[in-house]
Amino acid sequence: MDKGVFVSAFTNGDIFVGETLGTAALILLGGGVCAAVTLKKSKAQNAGWVAITFGWGFAVMIAAYMVAPKSGAHLNPAVTLALAVKSGDWSHVPLYLGSQLLGAMIGAVLVWLTYLGQFQANEEPTLGIFSTGPEIRNPIQNLLTEIIATMVLCMAILTQGLTVNGSLSGIGVLITAFTVVGIGLSLGGPTGYAINPVRDLGPRIVHSLLPIPNKGGSDWSYAWVPVVGPVIGGLLSGLLYKGLF
């Protein structure tokens, strides 16, 4: 096990395919549990916050196991940035970020198609299925919450060390998935724990475009918080790791 990050171990094609496919799977399963719990005429309606947190944890686990050998399974710009700060290798960062955003948008469309009948019968705003929002709208507080929660995620990944091809080990993926569950249960209450810029931005874009009845607005005035917060959290995590370990 080596604590370096060998992003160059993956080809451009592998990164594009792995991150697009993996992030699409992440959002399909994570957004899917939000749809299942929220939409009327869903068998899981009102299953609650615990179902959502475990649904997102399983989404991370499945998506990461699926594509870790292909791209390292970053699936999150905050993780990509933290790893780049840690390693000093920024050469593939734009490709990772672009692929993740594309995958997140594809995943959001797949959630819509999976629950198409429920969306067609929808009578309430649906943004919460696609993106996060604060319980108390205070941009500074909300930003700080996202920074702190993202730092927990990124530090948990950075301190595990990576395999020689630049990905988490099998047990590392499992630990990360449970970390996401823990973040949701402990830190997710104020903002819904985006902890991933494309997890929020990609589906928010899709929500604004889809022909969903009574869907409500896409709340673009808040959209910067779940993007900027995780980006800052990822960068700070990389710097903190370099300073302490």
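Within what distance do the axes of H3 and H7 come, and at roughly what angle do they cross? The axes of H3 and H7 come within 10 Å and cross at roughly 50 degrees. Like every value that follows, this one is computed from a predicted model. The sense of the crossing, in which H3 passes H7, is right-handed. On the H3 side the contact is made by Ala78, Val79, Ala82, Leu83 and Lys86, which meet Thr150, Leu153, Cys154, Ile157 and Leu158 in H7. Sorted by class, the residues of this contact are eight nonpolar, one polar and one charged.

Helix H3 spans residues 77-87 and is mostly covered, with 10 of its 11 residues buried. The buried residues are Pro77, Ala78, Val79, Thr80, Leu81, Ala82, Leu83, Ala84, Val85 and Lys86, and what covers them includes helix H4 (93-114), helix H7 (139-158), helix H9 (197-209) and helix H10 (225-244). Leucine 75, in the loop between H2 and H3, has a phi near 60 degrees, a positive value in a residue other than glycine. With 4% relative accessibility, leucine 75 counts as buried. Just after H3, glycine 88 also takes a positive phi, of about 80 degrees.

The axes of H7 and H10 come within 7 Å and cross at roughly 40 degrees, which makes H7 oblique to H10. The crossing in which H7 passes H10 is right-handed. In H7, the residues in contact are Asn142, Leu143, Glu146, Ile147, Thr150, Met151, Cys154, Met155 and Leu158, and their partners in H10 include Val225, Val228, Gly229, Pro230, Ile232 and Gly233. By class, the contact of H7 with H10 has 13 nonpolar, seven polar and one charged residues.

Threonine 179 is found in helix H8, residues 170-187, and because its relative accessibility is 17%, threonine 179 counts as buried. Leaving aside residues up to four places away in sequence, threonine 179 touches Val152, Leu153 and Ala156.

Is alanine 36 buried or exposed? Alanine 36, found in helix H1 (residues 12-38), is buried, with a relative accessible area of 9%. Its contacts, again not counting residues up to four places away in sequence, are Ser42, Ala44, Gln45 and Tyr115. Alanine 36 and tyrosine 115 are 79 residues apart along the chain, yet their C-alpha atoms are separated by 8.2 Å.

Asparagine 46 lies in the loop between H1 and helix H2 (49-71). Asparagine 46 has a phi near 70 degrees, a positive value in a residue other than glycine, and is exposed, with a relative accessible area of 65%. Leucine 75, by contrast, is buried.

Methods: Residues are numbered from 1 along each chain as its sequence is written. This is a predicted model: local features need pLDDT of at least 70, side-chain atom pairs count only at pLDDT 80 or more; totals for chains, interfaces and linings use all residues. Side-chain values use heavy atoms; hydrogens and water are left out. Buried means under 20% relative accessible area, exposed over 50%, partly exposed in between (1.4 Å probe, protein chains only). Helices (H or I, at least four residues) and strands (E, at least two) are DSSP runs, numbered from the N terminus. Contact means heavy atoms within 4.5 Å. Axes are lines fitted to C-alpha atoms, for helices over the stretch in contact, and angles run from 0 to 180 degrees between N-to-C directions. Angles under 35 degrees count as roughly parallel, over 145 as roughly antiparallel, 65 to 115 as roughly perpendicular and the rest as oblique. A crossing is left-handed if the near helix is turned anticlockwise from the far one by less than a right angle, and right-handed if clockwise. Ala, Val, Leu, Ile, Met, Phe, Trp, Tyr, Cys and Pro count as nonpolar, Asp, Glu, Lys and Arg as charged, and the others, Gly among them, as polar.
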